[in-house]
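Please find below a colleague's note, arranged as numbered points. It is meant to be read beside the sequence and the structure.

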Amino acid sequence: MLKTESLTKVFLTDEVETTALNQVNFEVKAGEFVAIMGPSGCGKSTLLNIIGLLDNPTGGHYFFDGTDVAKMKESERTHLRRGKIGFVFQSFNLIDELTVAENIGLPLLYLKVPEHERKPRVDAVMERLGITARRSHFPQQLSGGQQQRVAIARAVIAGPKLILADEPTGNLDSAHGHEVMELLAKLNAEGTTVVMVTHSSTDSKRAHRIVNLFDGCIQTGSAAGESHA
């Protein structure tokens, strides 16, 4: 599904050059659940942003569904991203002024899905994730676990091939974090590819494979549950 070759990302600020990713070769097959681990500042989120077509690399190649997208313009990345990639963030990124149902339906609005089609699809995904009773609530009226369920519902509403999760349990207690990981594992079992950035060794065990980053380089890869640096 996705593959990088010699992927490099360099940030320039005030004449200081920082290499966030250094010649990264990385591949994820359709249907996999991959965890990316490493210390803070090692390049995990930078890699996830490039995989999610939110940013371009400085050098190298990135193939998404067989197409080299590394040098695409923002408008081209946006067009490719919509409907194919869903995002789940640590901070939920819900819109406070919108209800649960409205937050979930946003991707369909951007895809210009007619209103009469949006409602049944929103209803179906809320039922699937057990949040139907919260449809008229606003984000501030929900617990952290409930907000992350809404964020996951929003991520899957358009039926993406790929879900990218950046520390999805980082703001949750252990019980709610377990629920969120159960949902991601279930979505993966149903065929959705999942790539997750995490600091949690417990969460990483849900993945099929663990990739370790250090100073912008991939160090080791292991099956989940095996020891890794």
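**Notes on the predicted model**

1. P168 is found in the loop that links β7 (162-166) to α6 (174-189). Helices here are DSSP runs of H or I with at least four residues, strands are runs of E with at least two, and both are numbered from the N terminus. The structure is a predicted model, in which local features need pLDDT of at least 70 and side-chain atom pairs count only at pLDDT 80 or more, while totals for chains, interfaces and linings use all residues. Residues are numbered from 1 along each chain as its sequence is written, and side-chain values use heavy atoms, with hydrogens and water left out.

2. Is P168 buried or exposed? With a relative accessibility of 1%, P168 counts as buried; the term buried means under 20% relative accessible area, exposed means over 50%, and partly exposed lies in between (1.4 Å probe, protein chains only). Apart from neighbours within four places in sequence, P168 is in contact with V88, Q148, V180, L184, M196 and V197, where contact means heavy atoms within 4.5 Å. One of these residues, V180, is 12 residues from P168 along the chain, and their C-alpha atoms are separated by 7.5 Å.

3. Strand β1 (residues 2-13) pairs with strand β2 (residues 16-28) in the antiparallel sense, over 9 bridges. Two strands pair if DSSP finds at least two bridges between them. K9 has L21 of β2 as its bridge partner. The hairpin of β1 and β2 has 2 residues between the strands, and D14 takes a positive phi near 50° there.

4. β1 also runs antiparallel to strand β4 (residues 59-64), to which 5 bridges join it. In this pairing, T8 stands opposite G59 of β4. S6, which lies in β1, has a positive phi near 50° although the residue is other than glycine. S6 is partly exposed, its relative accessible area being 31%.

5. How many residues of helix α1 (residues 44-51) are buried? The count is 6 of its 8 residues, and the helix is mostly covered. The buried residues are K44, T46, L47, L48, I50 and I51. L53, in the loop between α1 and β4, has a positive phi of about 65° although it is not a glycine. L53 is buried, with a relative accessible area of 1%.

6. Helix α4 (residues 115-128) has 14 residues and reaches 20 Å from its first C-alpha to its last, close to the 20 Å expected at 1.5 Å a residue. The expected span is 1.5 Å times one less than the number of residues. Within α4, R118, V122, V125 and M126 are buried. They lie on the same side of α4 because they cover an arc of only 100° around the axis, an arc taken from the directions from the helix axis to the C-beta atoms. In general, an α-helix has 3.6 residues a turn, so residues three or four places apart point the same way. The buried residues of α4 pack against α3 (100-110) and α5 (144-156), whereas H116 and E127 are exposed on the other side. Just after α4, G130 takes a positive phi of about 70°.

7. The structure holds 1 aromatic pair. The ring centres of F87 and F89 are 5.9 Å apart and the planes are at 5°, so the pair is stacked. Rings of Phe, Tyr and Trp (its six-membered ring) pair if their centres lie within 6.5 Å; planes under 30 degrees apart count as stacked, over 60 as edge-to-face and the rest as tilted. F87 is buried, with a relative accessible area of 16%, whereas F89 is partly exposed at 25%.
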